[in-house]
Amino acid sequence: MSPKTIFSSVALVIALGSLEKSIVTTPLPIIGAELNAGAALTWVATAYLLAATAALPIYGKLSDLFGRVRMLNIGIGLFMAGSVACALSQDLPTLLAARVLQGLGGGGLIALAFTVIADSIPPREVGKYQGYISAVYAVSSIAGPLLGGYFTEQLSWRWIFWINLPLGALALWLVNRNLGHLNVRRHSRFDWKGAALLITVTTLGLLLLSPETALPAIWLAAGLAIALLLLILVERRAQDPILPAHLARLPGYLVSVLLALASQLLMFAVLVYLPLQMQLQLQKGMGASESGFYMVIFMVCITAGAFVGGKLIGRTGYYKRFVVMGFALAALALWQIHFDVWVKLALGFAGLGLGLVLPALSVVVQNALPREDRGIGMSLFNFGRELGGAVGVAICAVLFHAALPAGTSHNLASLSPAELAPGFSATYIGMALIATAAFLITLLALKRHELTSIHT
């Protein structure tokens, strides 16, 4: 089976998983009004993200044991069932439960699509196809809000879920027609206790980071500490643990997961806080659509960086330089934004830099992982990326609000540009320092030969 055929078989799966994260954002006010959601409205988006992130590592491990296609079928099936339940929901609790079901399927779409690519494409070609994946991600992320608005205005918000049925059916047909050879089964006992505890740890951790949760932080932190301790104890005794300890000893694996988390952290920091700054401070009321246009430029630059970097990796076989260059560009760009120097150009630098990083790190991970651990290994790598987004937004929120003048209202629209300036300054300093630290970690990893080259 040619790499292009394999990629085309999972491209729609990737598009479905990434589209669902953004398509719901535009119709949220209308959904809230129809279902009387009130302040709980944001959970329509958050419930899906929580469930998808928590399920990610579980799919990876199950696919190592029972085969990629079997688990992809389950993931797509759950995603479609959740979509039907969402479209038929008549109240908010039902919709939230349906979104959790949809997220449990959606986590499998992303996890297994990346694993299929790693299984089927030679290491030297992985970077090129990671560029294609980034393009699919970018187009889906941009198209999501546009499609959500179109369906809501022309038909009904329920069509943002109905559309998943024909797309999901086509994805099922492509996967089963072209990827049946990946259904290799390995006989081993699944670590259900470890899986349940990992889901608990992930959910509590994400809830602790989420500004939308109404639960006391002290309870969440205590529950997280207990669940984490139990997870460590269970995994030390498990015959085939959900978190194999030997992955930590693979050359370059842990540092790649950490750097992937850092790249996603920086990307979400820019996506959330730069438009906010443009609308509230820099341009004194720039519209959401105009600031959104700048973010489209940022996403296009990320896609261009990933595409060009992936092509060069495939052509030359070398990728270490792209990780170094990527974080160097990101650090430079964030310092530029902080000092308000050529901000538009800096946004392009940041996008190109972060785009260069991911294809290169994906090659490192694929080279490091033995085939029998590729499912869980790739899923944990992507889990780190997803977690990075949540961590980035949470860190930015802490830095931003902590730097606002004491005694001022935290209703941001009521603050003057001068009052907002310290918050944005602290945010960009924090992100620039993280980018600089990632650059230095990359140099240290290279010095210790943890990021090896494809060429021997």
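Of the 456 residues in the protein, 55% are buried, a label given to residues under 20% relative accessible area, with exposed meaning over 50% and partly exposed lying in between (1.4 Å probe, protein chains only). The structure is a predicted model, in which local features need pLDDT of at least 70 and side-chain atom pairs count only at pLDDT 80 or more, whereas totals for chains, interfaces and linings use all residues. Residues are numbered from 1 along each chain as its sequence is written, and side-chain values use heavy atoms, with hydrogens and water left out.

The protein contains 16 helices and zero strands; helices (H or I, at least four residues) and strands (E, at least two) are DSSP runs numbered from the N terminus. Contact denotes heavy atoms within 4.5 Å. Among contacts between residues at least 6 apart in sequence, 83% join residues at least 24 apart.

Helix α5 covers residues 92-120. Its 29 residues should span 42 Å at 1.5 Å a residue, and the end C-alpha atoms are 42 Å apart, in agreement; the expected span is 1.5 Å times one less than the number of residues. The helix is mostly covered, with 22 of its 29 residues buried. With neighbours within four places in sequence left aside, Ala-98 is in contact with Gly-82, Ala-85, Cys-86 and Ser-89. The C-alpha atom of Ala-98 is separated by 8.8 Å from that of Tyr-48, a residue 50 places away along the chain.

Cys-86, one of the residues touched by Ala-98, counts as buried at 0% relative accessibility. Cys-301 is likewise buried, with a relative accessible area of 16%. The structure holds zero disulfides, a disulfide being a pair of cysteine sulfur atoms within 2.5 Å.

Helix α9 comprises residues 192-209 and includes Thr-202. This threonine, Thr-202, has 6% relative accessibility and therefore counts as buried. Residues up to four places away in sequence not being counted, Thr-202 touches Thr-53, Ala-54 and Phe-383. Helix α9 also packs against helix α10 (residues 217-237), their axes coming within 9 Å and crossing at roughly 155 degrees. Axes are lines fitted to C-alpha atoms, for helices over the stretch in contact, and angles run from 0 to 180 degrees between N-to-C directions. The two helices, α9 and α10, are therefore roughly antiparallel to each other; angles under 35 degrees count as roughly parallel, over 145 as roughly antiparallel, 65 to 115 as roughly perpendicular and the rest as oblique. The crossing of α9 and α10 is left-handed, a term used if the near helix is turned anticlockwise from the far one by less than a right angle, with right-handed used if clockwise. Residues of α9 that take part include Leu-197, Val-201 and Leu-204, and those of α10 include Leu-220, Leu-224 and Leu-231.

Helix α13 (residues 320-338) and helix α16 (residues 417-447) have axes that come within 8 Å and cross at roughly 160 degrees. These helices, α13 and α16, are therefore roughly antiparallel, and their crossing is left-handed. The 19 residues of α13 should span 27 Å at 1.5 Å a residue, which agrees with the 28 Å between its end C-alpha atoms. Among the buried residues of α13 are Phe-322, Phe-327, Leu-334, Gln-336 and His-338. Asp-340 follows α13 and has a positive phi, near 55 degrees.

Helix α16 also meets helix α15 (residues 374-403), the axes coming within 7 Å and crossing at roughly 145 degrees. The crossing of α15 and α16 is right-handed. The contact is made by Ile-395, Cys-396, Leu-399, Phe-400 and Ala-403 of α15, together with residues of α16 including Leu-420, Pro-422, Phe-424 and Met-431.

Two residues of this contact, Cys-396 and Met-431, are also touched by Ala-269, as is Leu-274, when residues up to four places away in sequence are not counted. Ala-269 lies in helix α11 (residues 253-282) and is buried, with a relative accessible area of 3%. Although 127 residues apart in sequence, Ala-269 and Cys-396 are 6.6 Å apart in space, C-alpha to C-alpha.
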